[in-house]
Amino acid sequence: MPPTSRDDTVHSEAFLGSLMRRQLRLSIGCALAFLVALLGLPLANYFAPGLMSLHVGGFTLTWLILGVLFFPYVWIISGFFIKRSLRLEADEAREVLDK
């Protein structure tokens with residue numbers, strides 16, 4: 001049997017399993033952040049209609065959040081997910097190669 005190269009170790013089941021678990025935790029965290037915004041706005045409108053009808057910058061607070069702030073919030077979550085996912089992969093590969 002030929003000796004195992006470092007390249008084989010990086011693509012091993014243990015490596016991929018560990019990476020996938022870390023990325024799953026990251027995905028769940030990002031999904032929860034998205035759900036807070038998605039479900040929080042209707043709940044805020046229902047439980048605090050007076051607050052959500054305040055005018056801020058020419059918009060009601062509801063429309064400011066929904067029409068102006070929601071998309072940057074989603075972009076921030078997406079950017080965080082991508083950067084953190086790439087860093088997780090690089091860290092995991094570095095750990096395997098350093099062994």
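Helices (H or I, at least four residues) and strands (E, at least two) are taken here as DSSP runs, numbered from the N terminus. On that basis Arg94 and Asp91, which are 3 residues apart in helix H4, are separated by about one helical turn. The structure is a predicted model, in which local features need pLDDT of at least 70 and side-chain atom pairs count only at pLDDT 80 or more, whereas totals for chains, interfaces and linings use all residues. Residues are numbered from 1 along each chain as its sequence is written, and side-chain values use heavy atoms, with hydrogens and water left out.

**Overall architecture**

- The protein chain contains 4 helices and 2 strands, and the order of these elements, read from the N terminus, is α-α-α-β-β-α.
- Among the helices are H2, which covers residues 13-47, and H4, which covers residues 61-98.
- Of the 99 residues in the protein chain, 18% count as buried, where buried means under 20% relative accessible area, exposed means over 50%, and partly exposed lies in between (1.4 Å probe, protein chains only).
- The accessible surface of the protein chain comes to about 7500 Å², and carbon and sulfur atoms account for 71% of that surface; such areas come from the Shrake-Rupley method with a 1.4 Å probe, and for residues only the protein chains shown count as cover.
- Among contacts in the protein chain with a separation of 6 or more, 70% are between residues 24 or more positions apart, a contact being defined by heavy atoms within 4.5 Å.

- Leu88, once its neighbours within four places in sequence are left aside, is in contact with Leu19, Arg22, Gln23 and Leu26.
- Ser85, which is placed in helix H4, is buried with a relative accessible area of 13%, and it touches Gln23 and Leu26 when residues up to four places away in sequence are not counted.

**Salt bridges**

- The count comes to 3 salt bridges, each being a side-chain nitrogen of Lys or Arg within 4 Å of a carboxyl oxygen of Asp or Glu.
- Glu92 and Arg22 meet through their side chains in a salt bridge at 2.9 Å, N to O; because Glu92 lies in helix H4 and Arg22 in helix H2, this pair ties together parts that are 70 residues apart in sequence.
- Glu92 counts as buried at 6% relative accessibility, whereas Arg22 counts as partly exposed at 24%.
- Glu95 and Arg22 also meet in a salt bridge, at 3.9 Å, N to O; because Glu95 lies in helix H4 and Arg22 in helix H2, the pair ties together parts that are 73 residues apart in sequence.
- Glu95 is partly exposed, with a relative accessible area of 40%.
- Arg94 forms a salt bridge with Asp91, in which the closest N and O atoms are 2.9 Å apart, and both residues count as partly exposed, Arg94 at 45% relative accessibility and Asp91 at 24%.

**Aromatic residues**

- The structure holds 3 aromatic pairs, and one of them brings together Phe70 and Phe71, whose ring centres are 5.9 Å apart with planes at 80°, so the pair is edge-to-face.
- Rings of Phe, Tyr and Trp (its six-membered ring) are taken as a pair if their centres lie within 6.5 Å, with planes under 30 degrees apart counted as stacked, over 60 as edge-to-face and the rest as tilted.
- Phe34, Phe70 and Phe71 form one aromatic cluster, in which Phe70 is buried with a relative accessible area of 16%.

**Nonpolar surface patch**

- Leu24, Ile28, Leu32, Leu35, Leu38, Leu39, Leu43, Tyr46 and Phe47 form a nonpolar patch on the surface, and together they have about 960 Å² of accessible area.
- Patches are made of residues with over 30% relative accessible area and no salt bridge, like charges being joined within 9 Å and nonpolar side chains (Val, Leu, Ile, Met, Phe, Trp, Tyr) within 5 Å.
- Leu43, a member of this patch, is found in helix H2 and is partly exposed, with a relative accessible area of 46%.
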